[in-house]
Amino acid sequence: MEYTKTEWLDHEGVDFILEDYPCKLIKPKCKPNGKWILKTHYFTAFPETERLLLEKGYHLAFQKNRTSFATEDDVERKARFVRFVSEEFGLAPTCSMVGMSCGGLYAVRLAVAHPELADVLYLDAPVMDLLSLCDLGKAQSGLREATLEALGLNISQLLSYRENPIDKMHVLLGHDIPIVMVSGDADTVVPYEENGAILEDYYRRHGGRIRVWMKPGGDHHPHGLVGRENEVVDAIEAFSRENDAKKA
């Protein structure tokens with residue numbers, strides 16, 4: 001494996017290629033705590049939460065995706081990437097997954113397919129239902145054609161598609177994967193009531209571990225709890241400590 005030195009937000013790291021896809025691993029300046037975060041998509045977008053976690057001793061990893069729609073090949077490649085990072089760099093076998101928008105689709109699908117790799121899910125305005133993403137409800141994403149092309153489906157087939165994250169919430173709950181979620185209540189691209197609200201309701205009704213922040217009047221952008229990212233970081237760390245205690 002060939003590594004090239006890189007920098008990101010004043011942190012050192014390495015770039016490399018795994019299975020023909022560009023990857024990054026960014027290192028904390030402080031003493032590493034052995035834990036790490038996987039940014040599932042949109043690596044440079046709204047990075048303040050990741051920066052704060054780096055300052056807490058986390059590593060940050062990323063692998064480029066083929067599409068934005070969490071196809072099976074991308075998800076399985078990312079699972080192999082997670083295992084590689086853990087083994088190659090001596091980090092924890094599980095990671096906290098940061099997924100914004102379609103990155104949330106990736107985080108949930110990866111955690112469902114490989115729950116043994118998930119520590120905490122941080123979902124920000126996550127896509128939970130591809131029917132919503134294809135503008136069959138309130139959404140105005142403009143992504144219908146791109147979504148259907150990536151999945152190899154037509155609209156009729158999508159109506160009977162049962163691989164949406166909302167169809168797999170029981171897997172997350174069954175493996176007691178904690179969720180930290182941030183959304184705006186005026187999101188026109190990934191409406192909360194068609195996506196994150198379904199996950200929140202399911203977890204709360206069944207006793208799942210979840211923390212949610214709603215941004216009054218918030219649209220799809222900006223992602224993150226702007227100016228209060230430390231609250232999200234604290235929640236991720238608290239859930240991660242709970243997981244450690246459960247394993248002890």
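Analyst: Let us begin with the words "helix" and "strand": helices (H or I, at least four residues) and strands (E, at least two) are DSSP runs, numbered from the N terminus. This is a predicted model, in which local features need pLDDT of at least 70 and side-chain atom pairs count only at pLDDT 80 or more, while totals for chains, interfaces and linings use all residues. Residues are numbered from 1 along each chain as its sequence is written, and side-chain values use heavy atoms, with hydrogens and water left out.

The part I have picked is the loop between strand 2 (11-18) and strand 3 (21-26), where Glu19 sits. Glu19 is not a glycine, yet its phi is positive, at about 55 degrees.

Now step into strand 2, which holds His11. His11 counts as buried because its relative accessibility is 4%. A polar atom of the His11 side chain lies 3.0 Å from the backbone oxygen of Leu9. If we leave aside neighbours within four places in sequence, His11 is in contact (heavy atoms within 4.5 Å) with Thr6, Ile26, Lys27, Pro28, Lys29 and Leu54.

Just after helix 1 comes Gly57, with a positive phi of about 105 degrees.

Next comes strand 3, the place of Lys24. At 23% relative accessibility, Lys24 counts as partly exposed. The side chains of Lys24 and Asp15 are joined by a polar contact of 2.9 Å. A polar contact is a pair of N or O atoms within 3.5 Å; within protein, one must be able to donate a hydrogen and the other to accept it, and residues adjacent in sequence count only if both atoms are side-chain atoms. Again leaving aside neighbours within four places in sequence, the residues in contact with Lys24 include Thr6, Val14, Asp15, Phe16, Phe43, Leu60 and Phe81. Lys24 and Glu7 are 17 residues apart in sequence, and their C-alpha atoms are 9.9 Å apart in space.

Ala125, in the loop between strand 7 (118-124) and helix 4 (130-133), is a residue other than glycine with a positive phi, near 45 degrees. Ala125 is buried, since its relative accessible area is 4%. In the loop between strand 9 and helix 9 (229-247) we find Pro222, which is joined to His221 by a cis peptide bond with omega at about 0 degrees.

His206 is in the loop between helix 8 (196-205) and strand 9 (210-215). With a relative accessible area of 40%, His206 is partly exposed, and a polar atom of its side chain lies 2.9 Å from the backbone oxygen of Tyr202. From His206 to Tyr192 there are 14 residues in sequence and 20 Å in space, C-alpha to C-alpha.

Helix 2 (residues 72-89) contains Ser86, a residue that counts as buried at 12% relative accessibility. Not counting residues up to four places away in sequence, Ser86 touches Trp36, Leu91, Ala92 and Pro93.

Finally, let us step back to the whole chain. How many helices and strands does the chain have? The secondary structure comes to nine helices and nine strands. The chain's radius of gyration is 17 Å, close to the 18 Å that the globule rule gives for 248 residues, so the chain is as compact as a globular protein of that length. (This radius is taken over C-alpha atoms, and the rule is 2.2 Å times the number of residues to the power 0.38.) The C-alpha trace spans about 50 × 35 × 35 Å along its principal axes. Buried residues make up 55% of the 248 residues. Of the contacts with a separation of 6 or more, 69% are between residues 24 or more positions apart.

Definitions and conventions. Buried means under 20% relative accessible area, exposed over 50%, partly exposed in between (1.4 Å probe, protein chains only).
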